[in-house]
Amino acid sequence: MEKNVTENIEDIERQLQKAKAEVERASLLRDTLIRIVSHDIRGPMSNLKSVISLVREEQVGLEQAKEFMGTIDKGVDHTIQMLEELMEWGRAASANKIDQEEIALDEIINPTIDRLQSHIDRKELSLSVMGDLDTKCVFDRNALKVVMRNLISNAVKFTPKGGSVQVKVEDQGEDISISIIDTGIGISDEMKANLFEMKKDNKRPGTDNEKSSGVGLFITKDLISQNGGAIAVKDNPQGQGTIFIFTLRKA
């Protein structure tokens with residue numbers, strides 16, 4: 001009897017912890033969206049409204065208005081990219097939609113590289129994959145797609161023309177580690193300190209002036225954490241560049 005009561009209490013505690021985690025995630029998503037709307041969306045929209053008012057009141061000419069619109073256009077592009085990443089995060093990270101399954105790594109890594117191939121070719125980068133891609137992990141499929149795309153596309157984005165990117169898979173016993181190694185521009189110690197947080201300073205253009213939302217690594221870390229893994233970043237010991245390494249549970 002006492003054993004059953006103890007088991008029931010433990011079961012209730014587990015359910016309460018799960019419910020608490022779901023509430024915290026909902027709160028995180030809400031706060032993130034509020035922050036984006038209040039800062040990153042309001043800025044371009046306010047600028048656009050100002051230009052429209054100036055043109056309507058004939059305080060600026062058409063040519064000057066076109067110059068203003070060019071700046072606003074960049075801000076809108078950034079906002080759209082950020083919203084798309086947040087929407088993907090919301091779909092992949094919803095507490096009710098985390099659906100872990102056994103996934104062979106080649107089902108995610110190869111299609112991700114294929115989608116980025118034109119970008120890789122344009123920058124004349126050397127991209128290689130090492131390790132057994134037949135290895136299976138336990139992860140939410142949609143979340144893993146977002147994670148791999150964010151990390152590999154970042155490596156491509158911040159590596160200059162003629163550089164290299166490597167995806168390395170290693171068996172760690174109960175876990176699998178995946179390293180994304182590039183010969184890019186690197187990350188300062190100051191930026192590393194807040195790299196996985198949603199900070200304005202984390203936003204910077206790529207080596208070919210590619211856009212950056214500033215939220216990709218924040219989303220990446222959250223999805224990895226929700227699937228029981230961890231992520232870290234360090235300098236490339238072979239020279240300039242960066243290594244992102246994250247863990248997944250092996251099937």
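Lys250 is partly exposed, with a relative accessible area of 26%. Here buried means under 20% relative accessible area, exposed means over 50%, and partly exposed lies in between (1.4 Å probe, protein chains only). The model is predicted: local features need pLDDT of at least 70, side-chain atom pairs count only at pLDDT 80 or more, and totals for chains, interfaces and linings use all residues. Residues are numbered from 1 along each chain as its sequence is written, and side-chain values use heavy atoms, without hydrogens and water.

**Salt bridges**

Lys250 has a salt-bridge partner, Asp171. A salt bridge is a side-chain nitrogen of Lys or Arg within 4 Å of a carboxyl oxygen of Asp or Glu. The whole structure holds seven of them.

| Pair | Closest N and O atoms |
|---|---|
| Arg141 and Glu101 | 3.2 Å |

Helices (H or I, at least four residues) and strands (E, at least two) are DSSP runs, numbered from the N terminus. Asp171 is exposed, at 53% relative accessibility.

Glu101, Glu107 and Arg141 belong to one network, joined by salt bridges that share partners. Within it, Arg141 bridges to Glu101. Arg141 sits in helix H4 (residues 141–157) and Glu101 in strand S1 (residues 100–104), so the pair ties together parts 40 residues apart in sequence. Arg141 is partly exposed at 24% relative accessible area. Glu101 is also partly exposed, at 31%.

How do Lys123 and Glu210 stand, buried or exposed? Both are buried.

**Strand S5 and its neighbours**

Strand S5 (residues 175–182) is mostly covered, with seven of its eight residues buried. S4 and S5 run antiparallel, joined by seven bridges. Two strands pair if DSSP finds at least two bridges between them. Across this pairing, Val167 stands opposite Ile180 in S5. The hairpin of S4 and S5 has three residues between the strands, and Gly173 takes a positive phi near 90 degrees there.

S5 also pairs with S7, in the antiparallel sense over seven bridges. There, Ile176 stands opposite Leu248 in S7.
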